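Thanks for making the time this morning.

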Amino acid sequence: RHGWPQFDVASSIAAGHSGSSQPWWTILPFQFLLVSPVLAPVWIAGLVAAYRDRRLRFVACAWGLLAIAFMATQGKPYYLGNMLPLLVGLGAQPVDAWLGDHRGRRQQLVGAIALSALICGTIALPVLPTSATGPVIATNADVGETIGWPALVRTVARVRDSVPGPVVVLAENYGEAGAIDRFGSAHGLPHAYSGHNAYGYWGPPPDRGRPVVVVGYDLAAAGRYLRGCRVAAHVHTGVDDD
């Protein structure tokens, strides 16, 4: 009905046009990073346990088939990560048996969990100052989408205040739309619309009757869909403002 848009998305990802696209061969090595390298033995133990148990062997087979499918279609490495919670759960029993009454092994596990939490928290959460986020963004580009959210929302609110009556806020991507929906209520901003990926599930904006504050699109792109477009403001995050 809509021209198979998911195939277009998959082709774009495979061609490296997504910020988190990776070569196909990184899918398996990346699994060691998703839970953290120091806790990788837990999910590996779960995978081995599933394969050895005839009742659970389908889990191990599903993991292998999905790995092959994602490598063949050049999907993103974290797609296979959906299996990791299940494998970590299956690995809990053999790890518990390995611990036994050995105090030293328990201390090793506690230390591994603490180190994993520190690493994953730094990579996944916006806890570092923006000047130190370069290596983190190289590992997890989505963290970069959180930089400057308050400044972005304040700028959108100033533009909204310059327009009489209610407005529609249309964002180019889910990072910008997420910023507005996260911080916008404090400024009286309405829910943001975006057609980017799953944000489109919230539906399209009204067809007409309200001014539109467009965020992220350049003037030429916005002019393809809207009349009377003009640049009302520029967003400055303080980092790579060019």
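This is a predicted model: local features need pLDDT of at least 70, side-chain atom pairs count only at pLDDT 80 or more; totals for chains, interfaces and linings use all residues.

Let me begin with Leu39, which, once its neighbours within four places in sequence are left aside, is in contact with Leu109, Ala112, Ile113 and Ser116, where contact means heavy atoms within 4.5 Å. Leu39 sits in the loop between helix H2 (27-34) and H3, and for these elements I am using DSSP runs numbered from the N terminus, with helices being H or I runs of at least four residues and strands being E runs of at least two. Leu39 counts as buried because its relative accessible area is 13%; buried means under 20%, exposed means over 50%, and partly exposed is what lies in between, with a 1.4 Å probe and protein chains only.

Residues are numbered from 1 along each chain as its sequence is written, and side-chain values use heavy atoms, with hydrogens and water left out.

Now to the protein as a whole. Its secondary structure comes to 10 helices and three strands, and along the sequence these follow the pattern α-α-α-α-α-α-α-α-β-α-β-β-α. The radius of gyration is 23 Å, whereas a compact globule of 242 residues would have one near 18 Å; that radius is taken over C-alpha atoms, and the globule rule is 2.2 Å times the number of residues to the power 0.38. Along the principal axes, the C-alpha trace spans about 70 × 45 × 30 Å. Of the 242 residues, 29% count as buried, and among contacts with a separation of 6 or more, 61% are between residues 24 or more positions apart. The protein exposes about 15700 Å², of which carbon and sulfur atoms supply 60%, the areas coming from the Shrake-Rupley method with a 1.4 Å probe.

Which residues have the most contacts inside the largest nonpolar core? They are Trp43, Leu47, Trp63, Leu80 and Leu87, in a core of 21 residues, and by a nonpolar core I mean a set of buried Ala, Val, Leu, Ile, Met, Phe, Trp, Tyr and Cys residues joined through side-chain atoms within 4.5 Å. Helix H3 (40-52), helix H4 (57-72) and helix H5 (84-99) each supply at least two residues of this core, and the largest share, six residues, comes from H4. Apart from this core lies another, of 18 residues, among them Trp149, Ala177, Ile180 and Val213. Returning to Leu87, and not counting residues up to four places away in sequence, we find that Leu87 touches Val42, Trp43, Gly46, Leu47, Val59 and Trp63.

Next, two backbone points. Most residues other than glycine have a negative phi. Trp4, although not a glycine, has a positive phi of about 55°; Trp4 is in the segment before helix H1 (5-14), and it counts as exposed because its relative accessibility is 64%. Gln74, also not a glycine, has a positive phi of about 55°; Gln74 is found in the loop between H4 and H5, and at 34% relative accessibility Gln74 counts as partly exposed.

Arg105 is in helix H6 (residues 103-124) and is in contact with Trp98 and Leu99, leaving aside its neighbours within four places in sequence; at 29% relative accessibility, Arg105 counts as partly exposed. Leu125 lies in the loop between H6 and helix H7 (134-139), and with a relative accessibility of 48% Leu125 counts as partly exposed. Leu125 and Gly16 are 109 residues apart in sequence and 24 Å apart in space, C-alpha to C-alpha. Thr146 is found in the loop between H7 and helix H8 (149-161), and Thr146 counts as partly exposed, at 29% relative accessibility.
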